[in-house]
Every structure is written in C-alpha cells, then in structure tokens.
Amino acid sequence: MLLAVGSLTIMGVTLGSILGAAAYFLAVEENPLEEELKEMLPGSQCGQCGYVGCGQYAVALAKGEAPITLCTPGGRAVIEVLARKLGVTADLSEHEEKVPEYAVIIEDLCIGCTRCIKECSVDAIMGANKLMHTVIADVCHGCAKCVKVCPTDAIEMRPIPMTLGSWHWAKPEDQHAMH
Amino acid sequence: MTFLSIKNSAPFTHQVSSVQKIMFTVLLALIPATAFNLYLFGWPAILLFTVTVGACVVVEAGCLILAGQPVKATLNDYSAVLTGWLLAMSLPPWAPWWIGVLGAIFAIALAKHPFGGIGQNVFNPAMVARVALLISFPVAMTVWVMPHPLFSAHAPGLADAIAITFGGQMPDAVSAASALGHIKTELSRGIPVSQSLAQAPDMMDMMLGYRAGSLGETSAILILAGGLFLMARRIISWHIPLSVMGGVFLMGAIFHAVDPARFAPGTFHLVSGATFLGAFFIATDYVTSPVSKKGQLIFGLGCGVLIWLIRTFAGYPEGVAFAVLLMNALVPIIDQYTRPRAFGRTRKGEPLPLGKENP
Amino acid sequence: MKLFPIRGGIHPDYRKELTSEKAIVALPMPVALYIPLQQHIGAPAEVLVNEGDPVKKGQMIARSGGTVSAPQHAPTSGRIKAITAIAAPHPSGLAQTTIILEPDGKDEWGELPEPIADPFTADTHTINERVAASGIVGMGGAAFPSAIKLNLGTQKKLEILLLNGAECEPYLTCDDRVMREYADEIIDGARIMAHALGVPRVVIAIEQNKPQAIDAMTRAASTFSEVEVVGVPVQYPMGSERHLVQAITGRETPAKKLTADIGVVVHNVATARAVHHAVRFGRPLISRVVTVSGNAVREPNNIEVPIGARVADLIAFCGGFAVEPESLINGGPLMGQPLPGLDVPVIKGMSGILALTAAEINQQPASACIRCGNCVTICPCGLVPVEMAAFIRKDNFKVAAQLGVMDCVSCGSCSWLCPSHIPLVHYFNYAKGMINAQDRERRKIEQTRILAEAHTLRVEKAAADKAATLAAKKAQAAAAAAAKEKDETPA
C-alpha cells in the first residue's frame, strides 16, 4: 500500500517537473500569432472594433484581451476563422449578426466636401470637390466611417437587399434529434 | 390569391412508410416463431413474455416522461415493444419474472435512453440487457428446460406456471442443457465433440425447435420464414443475415475439417443457439448496424466470426449477444470507412481524372 | 443498344395517367402577359421598349444582358402596359423587373429574321447566333442559354448529342406529348443542333414508360441513320443529365466538369423543337408546353402557353381547383420549386404547374432517424444523406462539404423514402445556400483587403511625395537663399 502510494507520488512529481521545465525552456515565441491574426482580419482599418486598426485588434486578440466577436465588417466568417485559430469556441448566440449594409449618399444633401472620400479605406466613394459623391455599392464594405464624418448627414447605411441570386432556403423547422 | 406559406423545399411527394410501419412489420415477422415457442414452453413462457414486453413499454414511457419527450407519439412507434419482444426471446423460457423486469430496465433505461432514445443508442438494447443479466445472474439465466408443449401431459398448468414465474418454484428435474452448452461441458470433461454431438438433438429437431433453449433460439425454420418475409417486404436486405451465417458456417466448417474431435461442424453451429435469430432479427437492427451495404457485410461477417470464436474458445456456450455488442462498438468506424464513392469522384473524394470516366 | 446501370434511384408513384392522354391545347390569349427579364441562368435581359410602345408578335422586347444571358420576345402583338417589379415564380416570392404586355387580340407577327435556307450547309456561328437571338434556353427546367451549350463543339471534342426525353419526374407529360405530336420537329431541330456542334451521332433517350413517344420518335428518326432513339429504364432520376449520360455511354462525368468534357452534350427535347422553329422559320421562343396537373386541379391538361401567362390563367383554363391545394409547384414534385401564389407568370423553364393535395404530398412530421440506411443505398450520387444532415443540423458546413453536400443534385430521392420523414433535401438546400453565401462573404473580405491595401499604399505614397516635394522646395529655397546671400556678399 505505502509502496504504491509512494511510487505514484514520486512518478507524479518527477513527470510534473519535467513538463514544467519543458514549458518554461521550450516556450514558443508568440508574436507570429499577431501577424497571422492580422492576416485574417479584413484589413480595412475601419476601427469599429474600438481599436485604432486591424493590427492593434490583432495584438489584443493575441494577448487574449479582446473578444473575437468585435469585427463588424468581417461578420460571422471572420469570427469563425479566429475561433478556429485561437482554439476558443465562438459564442455566436450572443453575437447578433448585423445585416450587411452599404452606404448610400443622399444626393440633395451632399455638398461635395470630399471628407467621406478621404475617410473611405477602400476607395468606394467617387466624386470630386464641389461635386456630388456616389458610393460604389459592390465595393463598400459597410464600415460606416463615412457616415460619421459627413457634415450634412447626407450618408445613410442601408441593408443590402436580398435578391433572387442571394436568396436561399432557411434551416428546416424540424428539430428532431438525429445522431 | 396568396394562400401558400412556403416552409418546405422539394420533394412534394413521399413514399408511404413510417418508423411505426417498419417496426410493426418486424413484429409481424416474429409472430410465427414466437407463437410456436410459447406453445412449446407453455404457460411460464407466456407469462415471462408478457411481463418482459410490458415492462419495456412501462420503462420506455417513464424514460420519455423524464426526458420531457412526447410519450404517446413515441410509444406508438413500437420500438419498445420490439426491444422487449427480442429480449424475451433471448431469455430462458421458465426464468422468473424479475429477470424480465430487470432486463427491461437494462435495455430501455440504460442502453437506450441515456444515449438519447430511439435511433441514438450505440448498442443493441435487447442484447445489452441479455448480457447484463447473464453476467449478473448466471444461474437463473442458464436454466433451460425441454419443451413442455401446452396441453401436453407434463405441461404445467396456469397455476403451476404462476408458481414458476412469480414464485420462483422451479420444478426439479426439468432442466436440460442446450446443445451448445452440452458439447461445451462434455468437451471440458475430455469427451470429444464428435461423441457428445451424438447425444445432441438430431438436425431435424434442431431446425424445428423441439429442443432446449431460449424462446427464440429454437425453431430455426420459423425464424428463417420471418426473416425471408422481412426481406420480401424490403425491411432488411440479405447482406447482414447472409454474412453472419456465412461467417459462423465458414469458421465452423473449416475448423471441423481440421479437427473433428475438437470442433463442431459448420451446420451444427448454423442451426444451434441463436444463430438464426441473431442473423435475421438482432444484427439487422437498423440503429446499431452500419448504413452502407458494404459496411453491413463487414459487420455481419465480424458478428459471424465472433460468434464462432466465443462459442468455441470462451467461457460461455453461446456468443451471439457478445458478438453483436462487440461489433456494435465498431459501427461508427465501419460507417466511416465504407462510405460509397461519390458520383464523379475517386474513393479519396478527388474529381475523377479526365480520360478515366469508366471507373 | 447496350445500356449501363446507374446507381441507386427510386420508383415513385408516377401519376402521369392524369394527363398523358391529353393532347396539347393552346391557351386562349390572356388579358395581360407578364414577361420577366430573368427567366434563365445568367444576367437578366435589358429592356428595349418603353411603356406605351406597340409591339408585334416575335419582336425582341429585351436584349441579352451579357455573355451568359438570353433576350425576351413579345409572345403576341399588343402594347407595353408597364415595366415594373412583380413577384417572380420563385419560392422567395421576391419581385423582379417584368414587362407587362397588353395583347391587342390580333396576334400579328412582326418582322422575323429570314429562315436559314439550308441549315446543314450553314456554319456553327450562323446557327448559334440565331439560337441566341431567339432567346432559347434549356426547357427541361434549368433554363441555361442554349446557344452557349451549342458552342461547346468549338472548344471540346464531342461525340454525341444526347436529347433528354426521359421525363422521369412524376406527373409531368409535356415532353411526352411534344414527342408524340411533334416528333418530326424535334428530330429536325436535333439534327440542326448536331450539325452546329459538329457531332456525328444523335441519341434520343426516352423512359420506357412512354411507349407511344418512343414509337413516334423512332418513326420520325427512321430516315436518318445518325439518329437513334433509345428506351431507357424507368428509374428516377434517369433524366438527371449526368446520370443519363452514364446510362447511355457508361461514362461518369468527373466532379466539377461538364458532360461535354467526356464528349456528350445534353439538350431537352422541347429545346430541340424550339431550335427547329428558330432556324426554319425565324420564330423566337415565345411559348412552351406546360403540364397542369395534381389532384387539386379539376381538369389536368397539357397546354401550349404563351410565355408570361399567369399561373392563375392556366388554372382557370383547367376548370379551377377541385379542392384547395396544399402546395403549388413549378416543375415536378421531386425537384420542383414551390410557388408563392397564383399571380406569378409562366417562364421558359417551367415544365409543369402542379396543384397538389396534402394526401398526394404525404408530408408527415419528422421523427428521429433510425439509421435504416435506405438513403445511402438509393443516393444516385453516392453520398451519405444521413451523415450530411446530422452535421448540417449542427451548422457544421465544413464537414458537410467534405462529405459532398455540394455534389448533391437535390433529386429528392432520400427525402421521398425516409421512413422518419426527415426533410433531408431541405437540409442540403440550406447548406448549399449557406456555403455559397459564406463563399461570397469571403470573396468580399478578400476584395476589401486588397482595396484597403491599395488605399493605404496610395495614401502613404501621396504623403511621401508631399514630403519629398516639400523637402525639395525647402532645399531649393535654401539654395536660393544661399545664392542670394552669395550674391549679396560684396565682392
């Protein structure tokens, strides 16, 4: 009895020490992770996550300081890759998938100040000084930064309409157990 | 006029079939063999059968209530009745009532519902119950009697039967060994199989069922008839029954040819014990067998070989339940490795290379 | 002819006797025709007319909107009443731009292109141009612009033009009737198509449950040695393009490839008839034969319908509803799409309108899967529906895709026979939609990243340029100052 308890204790202590030592001496530099995470983010530097840009958000993610659900333009797709990379389960029940939106400039209100053009990180707004601006809907990724800088509130976000091409069947209602 | 709320995608036509109908057909297929055996083993068998099936339904209802699932709709699928029925058929016919009740609890409350109820269990519930009973109560589970047909001279009446089933008063001197048990015991005493086989019931009795054994072990012919009926109704395919029996027969025949004194012949293995019941009704259980035909062949063959191995080398004379349970555990892996080849793709899932369109 | 087996499949209750002996009748011209700009796979057509314009029968009213697209023509003479958005014949019920034509009752033909005098000496380009300009799309249901498929002969080595007359869906008899009544037109169209494709052989495959159609087609084809009519086994989904090619040639089309890659081009029999009309008479595709059937319809029938007639017009022509239908289907019951109502128009790819009762549909509430494995046995594509559905239920699309959900052709066989009535195909349709949506989203993110990087580079470069200019100016100024200083320095 004593022998068994003793030997197990010794084994536990020895193996534990080896593991501890290995973790300490063989630790991997974590910085490559930041780069990888940055690659996964849209890279539009929109700042909707609350950080200055995608790089800063990636740093925070790598340190485990930020939740993975902050990237609005990336949506569910980005959350899922981040979750896989970081080995965490994404709590998507809390995450309210925002309907994808795009910016529309109300022609009558635009004064052609070009502020939004300078703000747009994907060059989706066309126009010149004193001329009416327009948003290229296909390119706009819905960060809404332009809305904030417009002095005349001439920009509004509208949900991207569903089309015959983008419509698809919803999940079946039957919720019976299988497997 | 807009009257249609669109909820479902195609198809808008469905075959007339249901889980209930399938289970009912299986029960129907079991009736001839069951009726004959109940006749052979008389009132005690009828009482035990009723108790076991009834207990299964009650336990199922209880589990459904606990799980908060619809009770009536699920009970209506007859799956609990079928489990109870198969369990009863694998018990010694004159076993006491509590064997049936305990078996029902093992089968339904332990083997079926903890996994999530119908369709979810990994192991065949009736076989889990049988094995658990056999290991826990080896004596009660191995008391076999010779047939005492109803209304025959030595048959127990209803009152005697109640005493046997509910009173535990097993009359002395009625017990008999099953054929498999007999040769195993004899072999352990150094008597070769070739000799002990001579004392076993002859082939005809074995086929018809006039011999000692559990309810469903006897009467191979009626079980076969039920199995063929299921095949004709396309409830089961030939793959599992044939591969189970093929496995048992081949192993038996090969080893018998090598050493007839030590090994019983293939035909004996085929008609004795629960080979037929196992091949047609137990191993073919949808939930616990592979979904693809190729997987089913592998599964059946595995069952057959294991049955022979257990009968020949293990401590128990009969191995159908153990073999089926062991193969049940392999089903997920078999399923994974026997997926069919997708149209236009290689086995590995790559698109077929051009110029090789005739795989 | 030696045929080859196809995997799996089912034998549903065909119910074709409801309409199989009903000769094709023409629908009386409705009071208005609703011609959607998108009746085909690809880009919508572009409107050529304005509200109030008079149009003649056969006049092009919307032109092809891109390389994969098809024009639309006026099915009769009349006046353009409006160009507006109305509900599409699609389960979403979403609206799409539609030209509303008010017939004048004269049914006057406009100026049509000249018939191609001898199509068998004409070159591929001439025939394809005519087919494209006539707005012909696949009439079996997929509605892919036919001219593009007829052009495949210039890119691939082709051997066979396979005409699909299998019509394996229950209820539908429109192809059956067209083959019985217009066999000569189909054979002529098929020969023209074979000429355009440059293939030496035409095989016409018809399921054996249509003996009269086989007879009629065999008779019509008897004088042409290159045309062969083949009766194929009655086995759903025999009419699936890839499966039919396998049954006829034994060749299995590799995933992500076309049947043309293994030398076979497949067209529907009704499409061949439309080609005949376009080439021989210059007539565009402005009508089609539609089977109206189902137990909820009083008098099921096969009707030649001008494109754009509303479903309500067809139902009324068939005596209205005998009972309130449970579902209204565009196409066959196994692969058809539910319609949102009666006000949607008939389009070029619509082979049937089915008004089905609940008893015909027999949709029961789903119960738990009992792993019977029948779906695995009958899947014509060699997939494992039971496993795919289990992963899709948990929204695990990655594994579902690995298991091959994108290879599923939604033939409906597994849902048809599932004893637990699990809506397997609905799960697969949901997964396909989600996977496509995710792909689109990923592409968008990729595009955004590229644009954002370009933007950053440009801004940085602009800043650098500005700095450089500034520095240069400063240097210039300094130099100038130095020079000035030098100048001012007294000699």
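Q: How should I read the numbering and the limits of the model?
A: Residues are numbered from 1 along each chain as its sequence is written, and chains are lettered from A and ligands numbered from 1 in the order in which they are written. Because this is a predicted model, local features need pLDDT of at least 70 and side-chain atom pairs count only at pLDDT 80 or more, whereas totals for chains, interfaces and linings use all residues.

Q: Which residues of the largest nonpolar core touch the most other members?
A: A nonpolar core is a set of buried Ala, Val, Leu, Ile, Met, Phe, Trp, Tyr and Cys residues joined through C-beta atoms within 7 Å, where buried means that 20 or more other C-beta atoms, placed from the backbone, lie within 10 Å of the residue's own. Of the 251 residues in the largest core, L161(C), L162(C), A190(C), I204(C), M217(C) and L314(C) touch the most other members. Helix α1 (residues 19-67) of chain B gives the most to this core, with 22 residues.

Q: What is L162(C) in contact with, beyond its neighbours within four places in sequence?
A: Two residues are in contact if their C-beta atoms, placed from the backbone, lie within 7 Å. The partners of L162(C), those neighbours left aside, include V203(C), L244(C), I248(C) and V265(C).

Q: How many residues of chain C are in contact with chain B?
A: The contact involves 61 residues of chain C and 38 residues of chain B. Among the elements of chain C that each supply at least two residues to this side are β15 (327-330) and α14 (424-488).

Q: Into which domains is chain A divided?
A: Domain bounds come from an automatic or database domain assignment, and chain A is divided into domain 1 (31-86) and domain 2 (101-159). Their centres, taken over C-alpha atoms, are separated by 25 Å, and six residues of domain 1 of chain A are in contact with six residues of domain 2 of chain A.

How values were computed
Helices (H or I, at least four residues) and strands (E, at least two) are DSSP runs, numbered from the N terminus. A residue is buried if 20 or more other C-beta atoms lie within 10 Å of its own, exposed if 12 or fewer, and partly exposed in between; C-beta atoms are placed from the backbone.
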